[in-house]
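Here's a quick briefing to read with the structure open. Have a look around first, then come back for the notes.

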Amino acid sequence: MVMTFFRRGDGENSLDQITARTVSMVSDARHSFDLASAALLSGADVETIGQDVRQTDERINEAEQDLRGQLVVHVSVQGSSDIGEVLGLILLIKKIERIGDQNKNILYLAEDGADLSEAPDLEMLIGFRRTISEMLGQAADIIAAGDEDGATELRKRTNDLQVELQDHIRELMHSEEPGHKVVPRAILYRYWKRIVANIAGVVTTATEPLQHQGYQDDGATDIDD
Amino acid sequence: MTGTTTAADRGLPTWARSVLVFALIYIFLVGVSSLESGIKVMGADTQANLFESVNNPIAGLFVGILGTVLVQSSSASTSVVVGLVASGALGVDAAVPMIMGANIGTTVTNTLVSLGSIRQSDEFKRAFAAATVHDFFNLLAVTILLPIELLTGALSSIATSITEALGGSAGSEWKSPIKKWVKEPVGWLKDGLGELGLEENFLGTSMVLVGLVIVLAALTFITKNMKKLVADRVERSLNAVLGSGGGTVAMVLGLVITVAVQSSSITTSIMVPLAAAGVVTLRNIFPVTLGANVGTTITALLAALASGSVDALTIALVHTTFNVIGIALLYPMPRIRMIPLRAAERMADLAVERHTMAVAYVITLFIVIPLIGVAIFR
């Protein structure tokens with residue numbers, strides 16, 4: 001292990017390596033999102049899926065801890081010259097970790113007996129699931145490439161989707177249907193909305209680690225965790 | 001977040017910085033040699049008066065602490081001691097306590113760094129313990145090894161044996177190739193100062209002062225540039241070792257980093273924020289600190305190469321021997337190993353309860369006691 005000191009680096013600096021690991025964290029988050037949503041929407045075996053989701057979430061949490069440690073080492077050794085980027089990465093990995101937590105919440109819904117596999121609006125729900133999953137994939141690509149234009153475009157789509165999901169939540173609040181039908185769906189929309197908000201946060205942080213000087217938060221950009 | 005540059009990428013290219021470091025090491029060696037020559041130029045009476053006060057080993061110990069606290073670098077203070085021994089003005093026996101004092105004095109830097117987190121109790125507790133474990137280990141090592149050295153001369157005997165095995169005998173000179181390279185610039189300096197009309201004690205004092213400035217400045221720049229050169233390697237190896245490495249591996253890493261950056265203060269100060277953030281535990285940091293203790297002795301050994309004096313090499317080896325034996329005595333047995341760790345934890349508890357305790361600790365250990373000690377024992 002001490003020999004690491006004498007080995008030549010692979011040309012990538014440590015922050016680039018950390019960024020690369022955040023990409024695999026997002027891929028893990030997408031994997032657990034797909035599984036957790038499948039448990040609810042396809043009627044798949046919740047127990048088997050639950051194991052996989054928990055293991056993936058553990059992997060995400062371990063990566064978060066590990067990367068946070070590496071970022072502290074980076075600042076201790078290199079000083080504060082790239083502190084903005086370090087702070088951005090700390091925020092980024094926290095947001096990815098939150099997506100993992102929301103995926104687990106979706107799984108808990110299924111474990112508590114919620115089953116939407118025969119819901120009349122199943123096609124629409126599957127559509128949302130597919131869109132969010134694709135957004136996670138795009139977020140990983142944007143982080144890897146540092147694609148600012150892609151981030152702007154994805155952020156716009158996440159904003160639109162959040163509005164759409166909120167409309168569904170509002171609609172369900174005033175629904176005449178019985179609670180056991182309305183509540184799981186409303187909660188699912190709420191979790192999805194949080195995941196989408198975190199995707200927006202991830203791509204924003206990845207391409208603009210710290211908000212520009214003079215930035216005044218008027219509340220419109222608040223990110224729902 | 002791609003396309004960033006590392007700290008090492010900024011400024012000079014690596015090859016240029018490497019050349020600069022070699023040049024600075026050469027300048028450092030010229031500084032040590034100038035110091036040695038300056039003392040030699042002074043009259044015998046002046047030399048005797050100058051170092052009379054450190055003939056008492058306790059005074060020597062406190063002078064070592066004070067000198068190191070003043071320049072914030074044991075590498076610098078031990079190099080100066082090596083230069084003084086090389087000149088013949090200071091004997092190996094009188095220099096040993098000064099070297100031990102330098103070991104204690106150098107711990108002030110990371111203790112000061114730990115005070116930076118004084119406002120956050122939990123962080124401060126971890127940071128202060130991580131810093132003071134170095135103090136307590138060195139204090140304990142000196143408490144055990146100084147009396148043994150004074151009674152038996154064990155450390156200097158071991159160092160002398162190593163020197164003799166390398167081909168030198170006490171009081172003689174050995175053919176150091178580096179001495180030849182640094183002789184000429186020191187001659188120019190002496191001639192230049194001589195042309196200004198300086199003679200004997202004035203000339204000697206001036207050469208000593210110039211030598212001191214060169215040693216301090218060169219070491220500062222060597223450390224800065226080496227840190228930039230190896231920062232990525234340090235980061236990579238810390239990530240590899242701190243996650244899964246054992247005590248010995250961490251110790252070797254502390255040694256390697258310190259040899260590379262020529263400063264134990266850099267190594268130990270890097271560890272303080274890591275401890276504060278809870279990334280590493282006190283027990284993980286302890287061996288790194290001990291490795292740094294040994295690694296920092298490389299500078300005095302380097303300085304001894306510039307002198308060609310066997311005694312200078314011996315005192316430099318005493319520094320290494322002292323730290324290696326200190327580790328051999330205090331680290332392997334878990335019960336003994338716990339003493340500095342528990343002392344550091346207890347001190348951190350007190351410091352968190354009363355922040356003034358932390359400040360009082362630093363001032364008392366590194367300034368007040370050494371000053372009183374020098375005043376009483378000189």
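Is B:Q72 buried, exposed or partly exposed? B:Q72 counts as partly exposed, because 17 other C-beta atoms sit within 10 Å, which falls between the cut-offs of 12 or fewer for exposed and 20 or more for buried. Keep in mind that this is a predicted model, scored at ipTM 0.79 and pTM 0.84.

**Two glutamines with positive phi in chain B**
- B:Q72 isn't a glycine, yet its phi is positive at about 55°.
- You'll find B:Q72 in the loop that links α3 (57–71) to α4 (74–87) of chain B.
- B:Q262 also has a positive phi, near 60°, and is a residue other than glycine.
- The place to look for B:Q262 is the loop between α11 (247–261) and α12 (264–276) of chain B.
- B:Q262 counts as buried because it has 25 C-beta neighbours inside 10 Å, and 20 or more is enough for that label.
- As background, most residues other than glycine have a negative phi.

**Chain A: fold and overall shape**
- Along its principal axes, the C-alpha trace of chain A spans about 65 × 45 × 25 Å.
- Buried residues account for 42% of the 225 in chain A.
- Of the chain A contacts with a separation of 6 or more, 82% join residues 24 or more positions apart.

**Helix α3 of chain A**
- Helix α3 (residues 83–111) of chain A has 29 residues, which should span 42 Å at 1.5 Å a residue; its end C-alpha atoms are 42 Å apart, so the two agree.
- Just after α3(A) comes A:G113, with a positive phi of about 105°.

**Where the chains meet**
- The contact draws on 27 residues from chain A and 27 residues from chain B.
- On the chain A side, α1 (14–41), α2 (46–78) and α3 each supply at least two residues.
- α2(A) gives the largest share of that side, eight residues.
- By class, the chain A side has 10 nonpolar, 14 polar and three charged residues.

**Confidence in chain B**
- Chain B averages a pLDDT of 89, and 95% of the residues score at least 70.
- Over residues 2–8 of chain B, pLDDT stays under 50; the model has 22 contacts beyond four places in sequence for this stretch.

Technical notes. Residues are numbered from 1 along each chain as its sequence is written. Chains are lettered from A and ligands numbered from 1 in the order in which they are written. This is a predicted model: local features need pLDDT of at least 70, side-chain atom pairs count only at pLDDT 80 or more; totals for chains, interfaces and linings use all residues. Helices (H or I, at least four residues) and strands (E, at least two) are DSSP runs, numbered from the N terminus. The expected span of a helix is 1.5 Å times one less than its number of residues. Two residues are in contact if their C-beta atoms, placed from the backbone, lie within 7 Å. Ala, Val, Leu, Ile, Met, Phe, Trp, Tyr, Cys and Pro count as nonpolar, Asp, Glu, Lys and Arg as charged, and the others, Gly among them, as polar. pLDDT is the predictor's confidence in each residue, from 0 to 100.
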